[in-house]
Amino acid sequence: MSEKVRTRFAPSPTGYMHIGNLRSALYGYLFAVKNGGDFILRIEDTDQNRYVDGAVQIIYDTLADAGITYSEGPDKGGDYGPYMQSERKEIYMEYAKKLIEKGAAYYCFCTPERLASMKDTSVSDSNGVTRYDKHCLSLTQEEIEANLKAGIPFVIRQNIPAEGKGTYEDMVFGEVSVDYKDMEDGILIKSDGMPTYNFANVVDDHLMRINYVIRGVEYLSSTPKYNLMYDAFGWERPHYMHLSPVMKDAQHKLSKRNGDASYQDLVAKGYVKEAILNYIALLGWAPKDNSEKMTLAEMAEKFSVDGLSKSPSIYDEAKLRWLSGEYMKDMSEDEFLRRAEPFFAKTEAYGKYDLNLLCKLLKTRIETFGDIPEKISFLESFGPFAPSLYDNKKQKCNADAARTILPKLRLAMEGWDDYSNAALYEKLVAFAAENGVKNGQVLWCLRIAITGTAVTPGGASEMAELLGKERTLARLDQAIAWLA
RNA sequence: GGCUCCUUGGUCAAGAGGUUAAGACAUCGCCCUUUCACGGCGGCAACAUGGGUUCAAUUCCCGUAGGAGUCACCA
């Protein structure tokens with residue numbers, strides 16, 4: 001690799017950034033960084049019918065948020081722009097004409113009607129698949145010029161050889177070979193003058209000096225067509241790295257259409273964003289040393305093509321949850337609070353409790369920030385609950401025990417002033433000893449009494465500290481009343 | 001259906017002729033423990049299938065099955 005590596009991410013602005021999309025971007029970025037190369041962004045918006053408002057912005061925002069930086073792009077400029085395909089219309093037409101001169105492409109004036117009729121009649125191969133019959137390839141120069149002059153709508157098609165096969169070496173799949181007879185003379189320039197992806201990607205990748213083309217497997221078998229064009233132009237073919245897809249299950253690709261998670265959905269759901277990126281990197285790729293939790297820089301350092309898998313990978317949110325939780329545990333208290341606060345802000349309890357304490361309690365108990373509301377719902381909803389909640393065999397606790405312990409405890413706790421966890425715990429244990437009952441009994445009864453919940457993000461003393469003296473006593477009164 | 005490609009536990013995946021076939025998630029159990037978590041320890045669980053090649057195939061070749069992609073004036 002003497003030449004400087006240049007890779008690109010070339011999404012079309014049709015909506016959200018899918019996990020698979022982001023992963024392609026990530027791999028292109030990692031490969032470039034690993035090899036000291038450039039990573040650029042190009043927007044493929046040649047299909048005005050599919051253009052979605054705001055989609056370009058989503059692409060910028062997502063990449064920025066994920067930390068995938070590019071040195072050239074529509075919003076950053078660069079030496080090989082414009083980086084928005086719709087702004088390169090003339091360039092494509094110019095190159096298409098060059099291809100016509102070389103005999104690698106030709107004008108086609110066939111009407112949609114004629115094309116449709118081909119499907120109805122028997123102009124199809126033995127498999128029943130209709131392919132363009134190269135009808136316009138036999139037009140004379142005079143006929144072509146006359147048609148052009150008459151303003152008859154046209155399209156430019158690639159002239160694919162009738163025989164032979166296109167072979168190339170893919171970096172992940174190895175040798176890929178496709179017979180030319182199985183390829184159609186695809187449209188390069190549409191009747192609106194815009195290029196199709198099949199043509200634009202070749203011209204742009206060459207003009208932008210992209211030497212490593214990293215994209216989804218959907219292009220694996222059409223790549224020989226592109227190579228035909230590189231060859232016709234006399235351009236050097238790039239290296240190709242095709243990526244297997246991310247699946248929702250064994251037979252369905254992940255897609256926004258099915259309501260599957262996009263990057264922004266996952267962020268909104270409270271997953272740690274570094275974990276999202278880390279996880280999708282692991283979907284279809286494994287570093288040599290099998291590391292799992294890695295920073296972006298570490299991923300770039302460890303990135304290697306032979307770690308890429310050839311088969312589709314199924315997206316598993318359970319593992320993403322786990323990774324997200326791991327990132328949380330490694331966060332500093334401040335960092336955790338900073339990121340968690342927006343999620344606390346959406347709850348009723350926000351502002352009424354010690355946020356630092358809440359964060360400390362929740363940090364090892366949640367995996368996404370979205371878990372927060374449910375974990376702290378007991379703070380705001382406290383109502384009559386079943387006495388059976390006091391039942392706990394291991395702690396030798398039940399409603400009867402609660403009925404005898406709680407009133408005494410209520411009295412004692414009224415006299416305590418230090419409601420810090422440590423002080424409370426010490427006094428609660430002392431209380432148990434004085435009354436000749438097990439620690440667990442006192443602790444369990446108290447926790448249930450003041451939270452009304454079987455599972456809480458902390459023990460009795462921690463919950464009492466969180467609630468504070470006033471609320472603790474008030475809840476104790478209510479709990480005692482509900483037991484009567 | 002044709003073509004291109006793929007196939008290790010439920011999932012992500014190491015391994016590339018000879019291994020007790022890693023590890024992680026999930027799951028189950030135990031320990032720790034003021035519930036739940038965290039942490040620690042352990043269990044269950046895989047080379048799709050049939051033929052070759054070879055002293056030896058999960059690993060190489062062929063077939064079969066299953067899966068993915070593609071066959072647009074979409075990318």
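Helix α1 contributes the largest share of the lining of the largest pocket, with five residues. Helices (H or I, at least four residues) and strands (E, at least two) are DSSP runs numbered from the N terminus. The structure is a predicted model, in which local features need pLDDT of at least 70 and side-chain atom pairs count only at pLDDT 80 or more, whereas totals for chains, interfaces and linings use all residues. Residues are numbered from 1 along each chain as its sequence is written, and side-chain values use heavy atoms, with hydrogens and water left out.

The largest pocket has a volume of about 1200 Å³, and of the 43 residues that line it, S12, T14, N21, R50 and E218 are the closest to its centre. On a 1 Å grid over the protein atoms alone, a pocket is an open set of points where a 1.4 Å probe fits, with protein on both sides within 12 Å along at least five of seven lines; lining residues have an atom within 4 Å of a point. Grid points are joined across faces, edges and corners, and the volume is the space filled by probe spheres set on the points. At least two lining residues come from each of β1 (6–9), α1 (19–34) and β8 (212–216). By type, the lining divides into 18 nonpolar, 13 polar and twelve charged residues. Here Ala, Val, Leu, Ile, Met, Phe, Trp, Tyr, Cys and Pro count as nonpolar, Asp, Glu, Lys and Arg as charged, and the others, Gly among them, as polar.

Q85 counts as buried because its relative accessibility is 0%; buried means under 20% relative accessible area, exposed over 50%, and partly exposed in between (1.4 Å probe, protein chains only). The side chains of Q85 and E44 are joined by a polar contact of 3.1 Å, that is, a pair of N or O atoms within 3.5 Å; within protein, one must be able to donate a hydrogen and the other to accept it, and residues adjacent in sequence count only if both atoms are side-chain atoms. Beyond its neighbours within four places in sequence, Q85 is in contact (heavy atoms within 4.5 Å) with residues including R42, Y92, N201 and D204. P82 is found in the loop between α2 and α3 too, and the peptide bond from G81 to P82 is cis, with omega near -5 degrees.

In α3, the buried residues are Y92, M93, Y95, A96 and L99. Their cover includes β3 (105–108), β4 (155–158), β7 (187–189), α6 (197–207) and α7 (223–233). Just after α3, G103 takes a positive phi of about 80 degrees.

Two lysines also have a positive phi. K134, although not a glycine, has a value of about 60 degrees; K134 lies in the loop between α4 (112–120) and α5 (141–149) and counts as partly exposed at 25% relative accessibility. For K396, again not a glycine, phi is about 50 degrees, and K396 is exposed, with a relative accessible area of 54%.

K396 is found in the loop between α14 and α15, and S377 has its place in the loop between α14 (372–376) and α15 (399–414). S377 counts as partly exposed, at 40% relative accessibility. A polar atom of the S377 side chain lies 3.1 Å from the backbone oxygen of E374.

Notes. Chains are lettered from A and ligands numbered from 1 in the order in which they are written.
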